[in-house]
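Subject: Structure handover and findings

Dear colleague,

I am passing on to you the structure we spoke about, and I would be grateful if you could read the notes below with the coordinates open beside them.

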Amino acid sequence: MKLTLSVPLLLSTLVASKSFLFGNQQQPLVDDSLSVPGDNPLSFCANPSDYILTIEKVDLDPNPPEKGKALQIKAKGNFTQKIEQDAYINLSVKYGLITLINTQADLCEQMKEVDESCPLEGAKDFTKDVTLPKQIPRGTYTVLADVYTKTDVQITCLRAIVHFS
Ligand SMILES: *[C@@H]1O[C@H](CO)[C@@H](O)[C@H](O)[C@H]1NC(C)=O
Ligand SMILES: *[C@@H]1O[C@H](CO)[C@@H](O)[C@H](O)[C@H]1NC(C)=O
């Protein structure tokens with residue numbers, strides 16, 4: 001199966017409602033202290049102080065996003081070290097317990113979607129408009145995006161639990 005990945009896809013897949021994460025669930029599956037700053041449903045996988053990418057904030061409009069509607073993503077961060085070619089994203093998406101996607105994508109390639117290219121360094125600011133598909137099967141999606149340099153130094157790691165009703 002050929003999978004086409006893009007930053008918008010990645011971000012839109014990472015999108016979820018905080019009220020779902022912390023409201024409807026019997027137990028919070030994501031540690032609140034690891035929340036990504038801004039109006040978004042993202043969490044860091046671990047303490048982000050060791051990550052190369054410092055995320056200042058990510059804002060989604062609307063948050064939570066809606067199926068079949070436009071979504072604007074605004075992100076601001078700082079690559080505290082230079083990111084060269086062959087940095088990669090290990091991405092997995094699960095639907096319930098079923099793994100839908102477990103793949104590796106090229107970070108530099110993906111950044112072209114937001115008009116950026118490698119080497120990446122310093123402060124970055126981007127806005128991206130995407131449309132979420134109408135036909136997203138209802139259910140709970142777990143998304144993990146683990147991002148590394150060519151030499152396996154962690155750039156960032158983000159996760160989300162996404163519920164579409
Ligand atoms: C980005 O990170 C570098 C390296 O740590 C730092 O020198 C610089 O001041 C930071 N820039 C911003 C805008 O935070
Ligand atoms: C990323 O995924 C590849 C392929 O599945 C795997 O071999 C590699 O160990 C993963 N990298 C990390 C740092 O987890």
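**Aromatic cluster**

Tyr95, Tyr141 and Phe164 are joined into a cluster by ring pairs. Please bear in mind throughout that this is a predicted model. The count of aromatic pairs comes to 4, and one of them is formed by Tyr95 and Tyr141, whose rings are tilted, with 4.9 Å from centre to centre and 45 degrees between the planes. This pair links distant parts of the chain, since Tyr95 belongs to strand β4 (residues 88–95) and Tyr141 to strand β7 (residues 139–148), 46 residues apart.

**Disulfides**

A search of the whole structure gives 2 disulfides, and when the bonded cysteines of the protein are numbered in sequence order, the pairing reads 1-4, 2-3.

In one disulfide, Cys45 is bonded to Cys157, with the sulfur atoms 2.0 Å apart. The torsion about the S-S bond of Cys45 and Cys157 is about -70 degrees, so this disulfide is left-handed. The pair links distant parts of the chain: Cys45 sits in the loop between β1 (43–44) and β2 (53–61), whereas Cys157 is found in strand β8 (residues 154–164), 112 residues apart. Cys157 has a relative accessibility of 4% and so counts as buried.

The sulfur atoms of Cys108 and Cys118, which also form a disulfide, are 1.9 Å apart. Here the torsion about the S-S bond is about -90 degrees, so the disulfide of Cys108 and Cys118 is left-handed. Because Cys108 lies in helix α3 (residues 107–111) and Cys118 in the loop between α3 and β6 (120–131), the pair ties together parts that are 10 residues apart in sequence. Cys108 is buried, with a relative accessible area of 4%, and Cys118 is buried as well, with a relative accessible area of 14%.

**Surroundings of the ligands**

Turning to the ligands, I begin with the residues around ligand 2, which are Tyr88, Asn90, Gln104 and Tyr148. By class, the residues of this shell divide into 2 nonpolar, 2 polar and no charged. On the side of Asn90, a polar side-chain atom lies 2.4 Å from an oxygen atom of ligand 2, and a polar side-chain atom of Gln104 is placed 3.4 Å from an oxygen atom of the ligand. For Tyr88, an N or O atom of the side chain is 3.4 Å from a nitrogen atom of ligand 2. Of the 360 Å² of accessible area that ligand 2 has on its own, the protein covers 40%.

Around ligand 1 the surrounding residues are Asn78, Thr80 and Ala123. The side chain of Asn78 has an N or O atom 2.4 Å from an oxygen atom of ligand 1. Taken alone, ligand 1 exposes 360 Å², and the protein buries 31% of that area.

How values were computed
Residues are numbered from 1 along each chain as its sequence is written. Chains are lettered from A and ligands numbered from 1 in the order in which they are written. This is a predicted model: local features need pLDDT of at least 70, side-chain atom pairs count only at pLDDT 80 or more; totals for chains, interfaces and linings use all residues. Side-chain values use heavy atoms; hydrogens and water are left out. A residue is near a molecule or strand if one of its heavy atoms lies within 4 Å of it. A polar contact is a pair of N or O atoms within 3.5 Å; within protein, one must be able to donate a hydrogen and the other to accept it, and residues adjacent in sequence count only if both atoms are side-chain atoms. Accessible areas come from the Shrake-Rupley method with a 1.4 Å probe; for residues, only the protein chains shown count as cover. Ala, Val, Leu, Ile, Met, Phe, Trp, Tyr, Cys and Pro count as nonpolar, Asp, Glu, Lys and Arg as charged, and the others, Gly among them, as polar. Rings of Phe, Tyr and Trp (its six-membered ring) pair if their centres lie within 6.5 Å; planes under 30 degrees apart count as stacked, over 60 as edge-to-face and the rest as tilted. Helices (H or I, at least four residues) and strands (E, at least two) are DSSP runs, numbered from the N terminus. A disulfide is a pair of cysteine sulfur atoms within 2.5 Å. Buried means under 20% relative accessible area, exposed over 50%, partly exposed in between (1.4 Å probe, protein chains only).
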